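Please examine the structure below.

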Amino acid sequence: MKNIFTLMILVAFGIMIYPLVNSFKGNDKLPELGNYYAQPENVTKVNSANLVTAVVVTYRGLDTLGEVSILFLTAAIIAFFLKKQTGKHEVRENSEIFTTAAKVLFPLMIILGVYIFMNGHLTPGGGFQGGAVIASAVILMLLAFPEVPVNQKLLSYMESISGIVFVGLAALGALIGFGYLDNAILPLGTFGKFLSAGAVPIIYSFVGLKVGAELSNILVEFKSVQSNE
Amino acid sequence: MEYIALGTGMLVILAGLWAIMTRKNLIRIIIGFSLFDTGIHLVLVAISYVKGGTAPILDSTVCIQDAAQRIVDPVPQALVLTAIVIGLGVTALMLAFAMKMHKEKGTLDIRSFKDLKW
């Protein structure tokens, strides 16, 4: 009985979305908004080679701010929700190969993450992706050395300072530029070079630091509630 | 190409819905939610595809002047980036709830949580 009900819901949902697939014809040219962003005069106004970054950090920068605050809320709720465990958490000792590899890989992964978020305006990547890579480096260390304590205070300070700098730079755009999150508060530089797109690389670097610190904090919280009883 | 991505996205959405409705283990239900998320991202990116277009990153092969003719729409891609991050936050929260529920009852089976069932 219950299976039939589930099947009915699935079939109904399938029928509901089938016209969307069926009537989809594909686009032959850019829609109006995308076309506006791709016009040469608008590209040079932001001067970021990666147009997705231009949209994320400047045109729709307010959405990014909201996104960052959602991540912050998630981290805050998880920290509030998961009480620290006092009991001891017994873990099997890691193999020599794993711990050595983790030690070698950790700095390389951090450097890769920093590279990804600093070049967000030139290559695929950006703050969120770089932050996720940094957090994956942290989880590698958490798995390799479970008994080493993590300085959560440092992580939260890093996160708060990055968030304040992000909002501050955005407000600076409103004060001396044309509007909130305007990237022209710094010289725009040469198109396609590392020093270009004004404040975009700086904003994205701080977003990357913030996301990396936040995700690491969430992972540390998850690890700290584990216990044997 | 966009048809394959669109169809796959819709199928992944249905698979996620199926997992949410039929699985009994909380972790698997959460994986179902993640699948649902991923399917929606695939659909969004497929819809924004422009025939013969390339990634919206301008370099020596795609110069500024002919950008509007050769790139795909950057706006939905930026939206998907936002959606991925929010999906991550939701998944992390759900996992935290699952941990709390496991501590409460000692099991992850959804059938043992009857407190709110009528």
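In chain B, the mean positions of the 11 positive and 8 negative charges lie 16 Å apart. Here Lys and Arg are taken as positive and Asp and Glu as negative, with His and the chain ends not counted; each charge is placed at NZ of Lys, CZ of Arg, CG of Asp or CD of Glu. In chain A, which has 14 positive and 14 negative side chains, the centres of the two sets are 2 Å apart.

This is a predicted model, in which local features need pLDDT of at least 70 and side-chain atom pairs count only at pLDDT 80 or more, while totals for chains, interfaces and linings use all residues. Residues are numbered from 1 along each chain as its sequence is written, chains are lettered from A and ligands numbered from 1 in the order in which they are written, and side-chain values use heavy atoms, with hydrogens and water left out.

Chain B contains 4 helices and 0 strands (DSSP runs numbered from the N terminus, helices being H or I of at least four residues and strands E of at least two). Its C-alpha trace spans about 65 × 25 × 20 Å along the principal axes. The radius of gyration of chain B is 20 Å, whereas a compact globule of 118 residues would have one near 13 Å; the radius is taken over C-alpha atoms, and the globule rule is 2.2 Å times the number of residues to the power 0.38.

Chain A has 9 helices and 0 strands. Its radius of gyration is 22 Å, well over the 17 Å that the globule rule gives for 229 residues, so chain A is more spread out than a compact globule. Buried residues (under 20% relative accessible area, with exposed over 50% and partly exposed in between, for a 1.4 Å probe and protein chains only) make up 43% of the 229 residues of chain A and 41% of the 118 residues of chain B.

The largest nonpolar core has 35 residues, and Phe128(A), Ile203(A) and Val207(A) have the most contacts inside it. Such a core is a set of buried Ala, Val, Leu, Ile, Met, Phe, Trp, Tyr and Cys residues joined through side-chain atoms within 4.5 Å. Elements giving two or more residues to this core include helix H7 (127–144) of chain A and helix H4 (74–105) of chain B. H9(A) supplies the largest share, 8 residues.

Beyond its neighbours within four places in sequence, Phe128(A) is in contact (heavy atoms within 4.5 Å) with residues including Val207(A), Val211(A), Leu81(B) and Val85(B). Apart from this core lies another, of 12 residues, among them Leu30(A), Val50(B), Ala68(B) and Ile71(B).
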